[in-house]
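Visitor: I am new to this structure and would like to learn how to read it. Could we go through it one feature at a time?

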Amino acid sequence: MTGRLEFRDPDRARALGGALEQAVAEVGRSPVAVMHVCGSHEQAIAKFGLRAAFPRGLDVIMGPGCPVCVTDLPEIDEAFALAMQGVRVATYGDMLKVPGTAGSLADAQAAGAHIDVVYSVAQAVDLARETGDEIVFFATGFETTAVATAAVVLAGLPANFSVLSAHKFIPPVMEIVAEMPHTRVEGFLAAGHAAIITGSGVFEPFVARHHLPVVVAGFEPLDILAALVKLVQMIRDDDHGVANMFPRCVTREGNRNAQQQLWRVFQTVGGRWRGIAHVPNGNLRLRDEWAHVDARRRFTIDVAALCDRAPSTLVRQCLCGNIMAGIAQPSDCALFGKECVPESPVGACMVSSEGTCRIWHQYGGVPNLGASA
Amino acid sequence: MCLGVPGLVVELDDLSAVVDFWGVRRRVRLDLVDEPVAVGDYVLNHVGFAIRRIPLEDVQATLAIYEQLLQESAEGTREDLMVADVRSELAAGAPRESKP
């Protein structure tokens, strides 16, 4: 596995590896458990075989950092039901294969529903303008992506366009995960690009309440190693602050213009996340003044018709929820790489390029887990 | 879905810019960027929107990361997941494929 550590600067990688080992040893208990909340971090960790390079006393747990994966059944079901009711649904490509109670949007498409894959919400707005068809944009993703939805709402939408928001906000779920008894997370790595919008300051209330350090990290292997060294040193020193190890991109204040647009359009409400159950303030809903572009108010979405369909036996065995909560790994799942593969995923974690199962499957099955429990 | 991609601003109007990503030109919206953008600037983009003007001193380091990623992918036998995410980002500014 170490043969895959193809860093541009192997000397620096070795130095960081040494510093990480020393910091973990100095904490004086084992394992030291930290969590990242970013699919791109897991991609880099798995691709470069970083877990093999982590010291034995360090557990790097993947948390709920995949927006596609945490989108829970009720939201998929709403989009599915709307599509089956004959409404044209546009969404990001990753959402197509995510299974709902009765099926995925790809299943709806196969059954004759009209689904459009877009790479930007702006393309969905163009589609509404060009076709004149009633279009619902099934809006998924964390705050980094929600700001784009906010921007098109504020720029003015055609009358035949509405938004089914499944957008989610990361800081509140960190509060939940920090209190989950079986994870025992001692610090968090926060996603660098998401923090471009919110700024590293968004984590300050969190560290004050939970007395856990947060380190904002880039997504290059050396960025991640350097951030882990900082995080473990902060744990060692009982330093409950926010450190920004990605200053090239992230400021304390973040992008205020984007934040203002986000909060003019959205408000936080509690909602279900896959595997985490109810997250207070974890979902982003359109504010009342945007009710006229809210698909939930424009349409009667009949999800009751889906409820008498029991999930299949395979879906009931899927561990995606526990993996999102950081209490299971893909290798714990009997379906991983067997019944559940990227071509025919059973759960959301095998669908998205940011899903832990998809990432592990891509980069050689089960990475060497070093110190994992 | 949270990965931004850097590109060079080559044309500007009030609301959007034409941005060059390694020779591929895409239209990017400027609603969200928090400071004025000029032709010749590099911006970081996500789902068809510029989210940050990259300070001049950070441009080379930022580009180098992506260039290595794309080069490794060109040499490798299979598509890398992070590269796939980058390609999705590039598709965000493309004209929508019209399907009947």
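Visitor: Where is the place of Gly17(A)?

Guide: The model is a predicted one. In it, Gly17(A) sits in helix H1, residues 10-27 of chain A.

Visitor: Does Gly17(A) count as buried, exposed or partly exposed, and why?

Guide: Burial is read from a count of neighbours, with 20 or more other C-beta atoms within 10 Å needed for a buried residue and 12 or fewer for an exposed one. Gly17(A) has 18 C-beta neighbours inside 10 Å, so it counts as partly exposed.

Visitor: Which residues is Gly17(A) in contact with, leaving aside its neighbours within four places in sequence?

Guide: Those residues are Ala53(A) and Leu225(A). Distance in sequence and distance in space can also be read side by side. Gly17(A) and Leu50(A) are 33 residues apart in sequence, while their C-alpha atoms are 9.8 Å apart in space.

Visitor: How many helices and strands are there in chain A?

Guide: Chain A has 18 helices and 11 strands. Its radius of gyration is 21 Å, close to the 21 Å that the globule rule gives for 373 residues, so chain A is as compact as a globular protein of that length. The C-alpha trace spans about 60 × 45 × 40 Å along the principal axes of chain A. Of the contacts in chain A between residues at least 6 apart in sequence, 77% join residues at least 24 apart.

Visitor: What share of the residues of chain A count as buried?

Guide: The share is 58% of the 373 residues. The general idea is that nonpolar side chains tend to be buried together in soluble globular proteins. Here the largest nonpolar core has 162 residues, and those that touch the most other members are Ala83(A), Val89(A), Phe137(A), Leu164(A), Ala190(A), Val215(A) and Val232(A). Helix H12 (residues 221-236) of chain A provides the largest share of this core, 10 residues. As for Ala83(A), its contacts beyond four places in sequence are Val89(A), Leu105(A), Ala108(A), Ala113(A) and Ile115(A).

Visitor: In what order do the four strands of the open sheet in chain A stand?

Guide: The order here is E4-E3-E5-E6 in chain A, with parallel pairing. E4 (115-118) and E6 (161-167) of chain A are the edge strands, each with a single partner strand, so one side of each has no neighbour in the sheet. From one strand to the next, the twist averages 25 degrees.

Visitor: How many bridges join strand E3 of chain A to E4(A)?

Guide: Four bridges join E3, residues 88-92, to E4(A), and the two strands run parallel. Within this pair, Ala90(A) stands opposite Asp116(A). A helix also packs on the sheet: H8 (residues 143-155) of chain A touches strand E5 (135-141) and E6, and its direction makes about 160 degrees with that of E6(A).

Visitor: Why is strand E2 of chain A largely enclosed by the rest of the structure?

Guide: Five of the five residues of E2, residues 58-62, are buried, so the strand is largely enclosed. The two faces can be read separately. Leu58(A), Val60(A) and Met62(A) are on one side, Asp59(A) and Ile61(A) are on the other, and all are buried. Strand E1 (residues 32-36) of chain A runs parallel to E2(A), joined to it by five bridges. His36(A) stands opposite Met62(A) in that pairing.

Visitor: How many of the residues of E4(B) are buried?

Guide: Five of its five residues are buried. Tyr42(B), Leu44(B) and His46(B) point one way, and Val43(B) and Asn45(B) the other way. E4(B) pairs in the antiparallel sense with strand E1 (residues 5-12) of chain B over four bridges, and with E5(B) over five bridges, also antiparallel. Leu44(B) takes part in both pairings, as the bridge partner of Pro6(B) and opposite Arg52(B) in E5(B). The hairpin of E4(B) and E5(B) has two residues between the strands, and Val47(B) takes a positive phi near 40 degrees there.

Visitor: How many residues does the contact take from chain B and from chain A?

Guide: The contact takes 29 residues from chain B and 43 residues from chain A. On the side of chain B, the elements that give two or more residues are strand E4 (42-46), strand E5 (49-54), helix H1 (56-75) and helix H2 (81-91). H2(B) gives the most, six residues. By class, that side has 15 nonpolar, six polar and eight charged residues.

Terms used: Residues numbered from 1 in each chain as written. Chains lettered and ligands numbered in written order. Predicted model: local features only at pLDDT ≥ 70, side-chain atom pairs only at ≥ 80, totals over all residues. Pairing = 2+ DSSP bridges. Axes fitted to C-alpha atoms, helices over the stretch in contact; angles between N-to-C directions. Contact = placed C-beta atoms within 7 Å. Nonpolar A, V, L, I, M, F, W, Y, C, P; charged D, E, K, R; others polar. Rg over C-alpha atoms; globule rule 2.2 N^0.38 Å. Core = buried A, V, L, I, M, F, W, Y, C linked by C-beta atoms within 7 Å.
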